[in-house]
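Reader: I would like to learn how to read a few local features of a model. Please take them one at a time.

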Amino acid sequence: MRSENIVSVVGSARSSRAAEEREYYCAVDTGGTFTDCVVRDSEGNVVFAKSLSTPEDFSEGFFAALSVAAEQFGLTLTGLLARTRVLLHGTTVGTNAMVEMKGARVGLITTRGHGDALLIMRSVGRSAGLPIERLLHVSRHRKPEPIVPRRLIREVSERVDWRGEVIVPLNRDEARRAIEELLEQQVEAIAIAFLWGFVNPVHEREVHRMAREMAPDLFVTCAHELIAKPGEYERTAATVINCFIGPKTSRYVRRVEERARELGYQGPLLIMQASGGVAPAEEIVRAPLFTIGSGPAGGLMGSRFLAERLGHSHVIATDMGGTSFDVGLIAEGRPLSASETTLHQYTFFMPRLDIVSIGAGGGSIIWIDELSGAMKVGPESAGADPGPACYGRGNMRPTVTDADLLLGYYNPDFFLGGRLTLDREAAYRAMRAVAEPLGLDVLEAADGATRIVETHMADLIRQMTIQRGYDPRDFVIYAYGGAAGAHAVAYARELGCRTVVIPGGALASTWSAFGILSTDIQHVYERAELLIAPFDVGRVMAIFLELEERARRRLHEEGVPEDRVILQRFAEMKFRLQIHRIEIPVPGGILTDEDMRDLERAFVQKYEALYGRGSAFTAAGMEIGLLRVVALGCIGPRGIKEGAFGHVGKVAPRWRREVYWRELGRHQRTPIFSGEDVPPGAVIEGPAIIELPVTTIVVRPGSVLTADAYGDFILTLS
């Protein structure tokens with residue numbers, strides 16, 4: 001799918017200077033259905049564009065979206081890139097390779113006697129990451145297909161103990177023979193993961209050197225380069241996955257980088273990471289693992305930026321696109337993070353923002369379960385091609401988008417700014433195929449399907465809040481992505497939340513790209529070391545200073561001035577003899593014994609917030625297992641010019657149409673507003689619908705919408 005399928009919307013390109021005199025900051029986020037682009041100029045003007053993603057070569061959609069954004073400033077693509085200061089990108093290439101299990105042929109070299117660690121997994125490996133409908137059928141639990149089959153695993157003699165002392169020297173002949181055998185098996189990448197290599201990586205480095213000598217173009221990853229903490233299976237899994245997605249991701253990143261250079265871009269290509277920051281392309285080429293789940297991370301970082309401006313300390317960030325529904329939390333002003341992730345039933349270490357996804361997007365297919373005879377929604381999606389039935393591209397199965405169209409939420413002549421006319425009859429035929437077997441009329445089936453998908457969303461949010469000690473009623477919901485505005489009030493009401501924010505109005509459909517634009521360069525440095533309370537403040541301080549020195553050196557090499565460097569400290573703590581750790585912030589500067597006691601108190605407080613008052617067993621003692629430094633390098637201006645999306649004028653509906661409202665139990669002729677007509681300070685009472693070229697906001701009965709000076713739409717629920 002090429003440029004003719006692009007849809008675009010102007011945010012604002014007003015400026016006192018000509019477009020040729022300004023600098024630009026560009027972010028592109030490639031999703032499963034759409035590729036989103038947001039461009040900000042040096043004066044705070046913002047434009048955005050959407051293009052259908054091009055799975056056969058995602059770089060086509062990347063530059064197509066950029067090209068249309070350039071047109072909004074009156075520039076060619078070459079003219080825009082020649083004046084672009086920073087180019088940022090969130091990619092799903094690595095994630096897609098894992099989900100589809102279409103990666104490289106990987107060989108694994110590990111310590112003798114430990115070749116089966118990846119295949120044995122943990123005891124929960126048979127059920128890790130499975131959806132609830134599969135968890136309920138224990139007899140169907142299976143381990144995933146191995147990323148590395150046993151025939152491509154080689155063991156070599158070597159042993160380093162937990163203190164880093166070499167007990168058994170590396171047998172170089174065995175290592176060389178292992179590499180030769182794997183090359184004969186035509187592997188595309190080799191993962192090297194030795195038992196205590198993260199403490200003393202001398203043997204991993206030597207095998208890496210040998211592999212490079214024998215096959216200079218081979219993709220090779222050592223475990224210590226990615227993960228520096230204990231957990232043999234999780235560390236090995238991370239290394240193997242990095243190799244599995246590495247060749248495909250690195251080729252894609254290089255292709256984008258080279259094409260950008262040809263078009264005149266002279267700055268660095270920065271790639272979004274799941275941890276919430278960007279990193280230079282050359283680092284991602286070596287460690288593409290950290291891009292898995294990076295798209296949703298952009299949306300959460302954009303939400304953090306907006307929450308600071310609006311004064312919201314507790315936010316539930318929800319992203320409903322064409323394929324998935326993603327949820328992340330901001331608590332006390334800080335996005336929650338995690339150190340593990342599970343994908344395709346493999347659990348592995350990776351610093352990331354704590355975002356959970358389910359298959360509940362606009363393209364989620366509505367179907368009937370043969371066993372129960374009940375209606376189901378998702379997780380299978382119609383994707384970008386063929387898309388929902390109403391796209392008229394041959395899909396005969398109904399989706400959430402089809403249901404929304406039949407209920408009257410969407411204008412068939414103004415979908416994606418009028419670039420795509422929706423076929424209501426096709427949606428009707430597809431929905432009827434589900435409705436008739438259930439004894440429902442088409443409208444009842446459509447409403448039932450939206451109720452189901454909204455319940456799925458609310459259930460996921462409950463898991464993310466209540467199960468972690470948070471009350472969702474204390475949070476504000478941010479709803480973005482192309483489909484969120486149509487459903488946000490419904491799942492917010494289900495949770496008891498009172499406020500929903502649609503960030504930037506029309507910008508909400510490209511919010512993850514905007515979030516990527518608002519991030520910093522980020523590097524994470526960790527040191528695994530067992531420290532038992534009362535903590536040795538001198539040792540803690542020494543580790544942090546070493547990690548911070550490495551961080552400053554790295555950011556300096558990347559051209560970040562010292563006054564733009566931010567260093568954040570964290571400690572992973574637990575009670576002794578327990579397994580799961582909790583991340584606790586550590587203050588900067590020179591630490592004291594009192595700071596260490598404050599750290600213990602903060603841990604107990606966080607523990608009881610998660611597990612209940614009185615659950616902390618302080619008599620067991622406390623320990624630190626990992627110290628972490630997150631290094632941020634600020635790379636450019638942020639924000640949107642005030643009033644950038646507002647037009648002064650009277651708020652009046654442009655037209656009316658019949659819309660079905662479940663709260664009323666009937667159709668009602670409903671006022672339809674153009675989002676471009678809604679000025680700051682406007683108040684619109686539901687039921688009403690706000691139409692924007694790339695998203696639709698459903699103001700349900702009992703809710704009121706207002707607009708602020710930055711184009712945000714704020715819904716208040718009664």
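Author: Start with E332: at 71% relative accessibility, E332 counts as exposed, where exposed means over 50% relative accessible area, buried under 20% and partly exposed in between (1.4 Å probe, protein chains only). This is a predicted model, in which local features need pLDDT of at least 70, side-chain atom pairs count only at pLDDT 80 or more, and totals for chains, interfaces and linings use all residues. Residues are numbered from 1 along each chain as its sequence is written, and side-chain values use heavy atoms, with hydrogens and water left out.

Reader: Where does E332 lie?

Author: E332 is in the loop between β15 (325-331) and β16 (334-335). Helices (H or I, at least four residues) and strands (E, at least two) are DSSP runs, numbered from the N terminus. Although E332 is not a glycine, its phi is positive, about 55 degrees.

Reader: What is the phi of L577, and is L577 buried or exposed?

Author: Phi is near 75 degrees, again in a residue other than glycine. L577 is exposed, with a relative accessible area of 86%, and belongs to the loop between β25 (565-575) and β26 (582-586).

Reader: Why is strand β6 described as largely enclosed?

Author: In strand β6 (residues 106-111), 6 of the 6 residues are buried, so the rest of the structure largely encloses it.

Reader: Which residue stands opposite V106?

Author: Two strands pair if DSSP finds at least two bridges between them. β6 pairs with strand β10 (residues 189-193) in the parallel sense over 5 bridges, and V106 stands opposite A189 in β10.
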